[in-house]
Amino acid sequence: MYLELKHIHKAYGASVAVEDFNLSVNTGEFISFLGPSGCGKTTTLRMIAGFEVPTSGHITINGNDITHLPSSKRNVGMVFQSYALFPNMTVAENIGYGLKIAGKNKPDIAHRVEEMLALIHLESFGTRYPAQLSGGQQQRVALARALAFHPQVLLLDEPLSALDAKIRVELRHEIRRIQQQLGITTIYVTHDQEEALSLSDRVVVMSKGRIEQVGTPFEIYNYPRTVFVASFVGTLNQLPCTVEDGTHGLVRHQTQTIYTNGNIPHPQGSDVVLMLRPEELRLGEHGGQNRLTGTIQSVNFLGSVVRVQLNHAGTPITLDLFNERLLRLPEVGQTHTITFPPHACWVMSPNGHH
């Protein structure tokens, strides 16, 4: 393992920011820490960077314990949300700053700065000042500066949240391209689930200082292990149900029996939550074994997807239709049936686990 965090605990007096955090990261892996603000993701990143010291636990990079090393002695590159470029230095001087501090000679610095400018596709911008660049360009320069001294690990703290949506998506692709081109081990902090899912090899979902789940984007989205992960990542319908026949995977929602796949490890009559993703539901009779009927409450056109909300006996249910030109949109107030197959259902206990 290249980067390891073992039993990391961080407390500020009586309040615990990070609790028993364990993670092993492979060389060249791109890992995102995803969670709401205050969940401990930035604190964990800052401990890897050396800006914070864990109350207990150990951090190693490539077998070396760096837990108590000052940040200046760690070979770690950091990119912040706020770019943090030096306004009085040119782009080239900003990128070469770390190398200059490290006492590298001028020709070496100039050569490395050129390589970095090519990497971020800003070859002709070396003599400009940060104020003459767009936000997206400034963030590219901050990335180049963090990478210039060949860090062992790259850390990014919500680097795109100050940029507008279109630039965010562009830069997301750019960060992934550069990361893969250099094969650099990367930790990325974000509260944006789409960003985490599209960028990462693995996602660490955090809540209240603890890890809820670690997995590939596919696993996190399709096989969440807790109600928190399921509801934080993506849109989710949660229907209160009781177990009718656990062996055959039958649950009851109000008066209706719903067929789910497989065995439900809860006794008959116990309360469970049935989870359904909006994209797994169909409007009208589509041969899914399960059907629920309700009144259309809202129809939102989102471009490639049309999001429909249906009121089923007081429970709101969201479903997504793929847009196409021949699509006939349902209308508010109409009664419609939605159908879904057993494999679309997953069942958890109300306190959060399968």
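Contact here means heavy atoms within 4.5 Å, and helices (H or I, at least four residues) and strands (E, at least two) are DSSP runs numbered from the N terminus. This is a predicted model, in which local features need pLDDT of at least 70 and side-chain atom pairs count only at pLDDT 80 or more, while totals for chains, interfaces and linings use all residues. Residues are numbered from 1 along each chain as its sequence is written, and side-chain values use heavy atoms, with hydrogens and water left out.

**Helix H3**
- Helix H3 (residues 106-119) reaches 20 Å from its first C-alpha to its last, close to the 20 Å expected at 1.5 Å a residue, the expected span being 1.5 Å times one less than the number of residues.
- Ile109, Arg112, Val113, Met116, Leu117 and Leu119 of H3 are buried (under 20% relative accessible area, with exposed meaning over 50% and partly exposed in between; 1.4 Å probe, protein chains only).

**Largest pocket**
- A pocket is an open set of points on a 1 Å grid over the protein atoms alone, where a 1.4 Å probe fits, with protein on both sides within 12 Å along at least five of seven lines; lining residues have an atom within 4 Å of a point.
- The largest pocket has a volume of about 660 Å³, a volume being the space filled by probe spheres set on the points, which are joined across faces, edges and corners.
- Of its 21 lining residues, Val76, Gly77, Met78, Gly98 and Phe149 are the closest to the centre of the largest pocket.
- H2 gives the most to this lining, with four residues.
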